[in-house]
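Q: Hi! I'd like to get to know a new structure today. Could you walk me through it?

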Amino acid sequence: MVGKAGIFELTNCVAIVQEVLSESDPSCYQDPRILANFMNETQTLRKSLKNGKIRNEKYHQATSVLSKIDENRTAMSPIELKLRLARPISDRPIILDIQEPQEYRDWRIQGSLNIPLNVLHLPQSPSSLPKDKEIITVCAHGVKSSEVAKFLRSKGYNARSLAGGLAAWNNIYDTVPVAADDVTDFKLLQIRRLGKGCASYIAAYQGQCAIIDPSMHIEEYEAIAQSEGLRIVHVMDTHQQADHVSGARALARDNGARFYLNPLDGFRYADFTPLKDGYTVTLGDGGVTIEAMHTPGHTKGSTSFLVQDRYILTGDTLFVEGVGRPDLGNNAREYALDLYDTYQERLLKLSENVIVLPAHFSQSVYIEFLKAVSATIGEIRKRMPIVDADREEFLKQVLAKIPSKPPNHLEILRINRGEVRYGPTRLSALEEGPNRCAIPT
Ligand SMILES: [Fe+2]
């Protein structure tokens with residue numbers, strides 16, 4: 001049995017180790033004093049377990065803490081990876097993706113290196129990797145990558161596996177300011193779902209905000225609103241999404257906000273305010289306006305939102321690297337003609353300086369830390385001449401380049417239309433994989 005002092009020490013060391021483990025910022029491991037304390041306490045715990053000095057509920061607590069430590073040593077959480085990738089390049093780990101090349105092209109972490117599993121196991125293969133840098137192995141779900149990390153560690157590499165793989169990375173978000181005007185108190189934020197390539201927006205003014213195209217992880221938006229001291233008063237979707245589950249309805253309901261959709265997209269529920277071309281919502285004293293602009297083509301009801309006449313949130317109608325896909329309805333040619341008219345008669349008639357903010361970005365878009373994915377109308381015209389091509393040329397090019405449909409898109413459409421409901425595990429599985437919303441130009 002452990003004496004009174006011993007019990008106190010064990011309680012103390014479990015508490016200290018737990019506190020360090022629960023730190024969301026892994027830089028705490030870089031602080032020599034914290035690290036030394038952590039290592040000492042961990043050692044005490046291990047010794048006490050070995051000597052049978054920990055019993056009953058304390059035993060379970062201590063073993064779970066130690067297994068968490070072991071997991072941290074061999075795996076990196078997606079949150080930790082996000083923080084590490086925000087550091088200067090020289091301080092970032094090597095991300096080693098072991099998927100097959102086709103899988104890697106389709107779904108990957110920006111800046112990762114692809115060495116497929118079978119190549120990696122060739123006798124000469126790991127020697128091309130540096131031993132002085134941390135290596136994070138990645139696969140779809142973190143199972144094979146965990147084995148590879150173990151294999152690399154056995155060869156002397158400093159390797160860990162991304163816990164949960166790309167599926168877990170798909171649920172990681174960051175927030176980037178698009179605009180901030182201290183004088184008028186106006187703010188526009190881009191919330192990016194990094195792995196999936198989705199972008200949502202928060203427009204804020206005088207303590208109120210509108211949220212556009214939120215994902216099903218509504219807690220992400222609620223946390224931002226709370227930390228910024230904002231009340232969510234408007235929630236809208238640009239269109240019926242096919243690649244991810246919308247959180248708009250739940251977010252509006254949970255926060256007593258008004259919820260807006262364009263009924264032309266055929267929703268099975270009716271508890272929303274119907275969006276029509278020109279419908280305008282305001283924030284605060286009316287100093288910030290968000291105007292709906294009907295921009296069909298990707299879907300019949302696709303609606304862009306013009307914020308303060310300076311920013312156009314285009315949903316999946318126009319991207320910074322491509323045009324919207326017209327094939328998710330029944331008639332790709334008819335939808336492509338709508339898209340052409342939308343470009344010619346609506347979006348390209350906006351000022352060249354208006355900033356386009358899309359609802360998605362593809363694997364080819366380079367994501368910069370603290371820099372929004374955006375382009376002006378003028379930049380898009382220069383970058384993508386197809387938007388200014390004549391009608392027949394536009395149709396020919398767009399219809400010839402349509403990529404394969406997003407994974408599980410029919411099921412996701414049914415959910416977003418309000419036809420079926422699933423639990424969070426099933427929803428996460430349905431959303432796996434990248435978005436495939438843009439037609440590259
Ligand atoms: Fe879409």
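A: Isoleucine 290 stands opposite valine 307 in β15. This is a predicted model, where local features need pLDDT of at least 70, side-chain atom pairs count only at pLDDT 80 or more, and totals for chains, interfaces and linings use all residues. Residues are numbered from 1 along each chain as its sequence is written.

Q: How do β14 and strand β15 pair, and over how many bridges?
A: They pair in the antiparallel sense over five bridges, with β15 covering residues 303–307. Two strands pair if DSSP finds at least two bridges between them.

Q: Which residue in β14 is the bridge partner of valine 281?
A: That is isoleucine 290.

Q: What do β13 and β14 form?
A: A hairpin, with four residues between the strands. Glycine 284 in the turn has a positive phi of about 55°.

Q: New topic: how many helices and strands are in the chain?
A: There are 15 helices and 20 strands. Both are DSSP runs numbered from the N terminus: helices are H or I with at least four residues, strands are E with at least two.

Q: And what is the mean pLDDT?
A: The mean is 88, and 88% of the residues reach 70 or more. pLDDT is the predictor's confidence in each residue, from 0 to 100.

Q: Where is the pLDDT below 50?
A: Over residues 1–8. Beyond near neighbours in sequence, that stretch has four contacts in the model, a contact being two residues whose C-beta atoms, placed from the backbone, lie within 7 Å.
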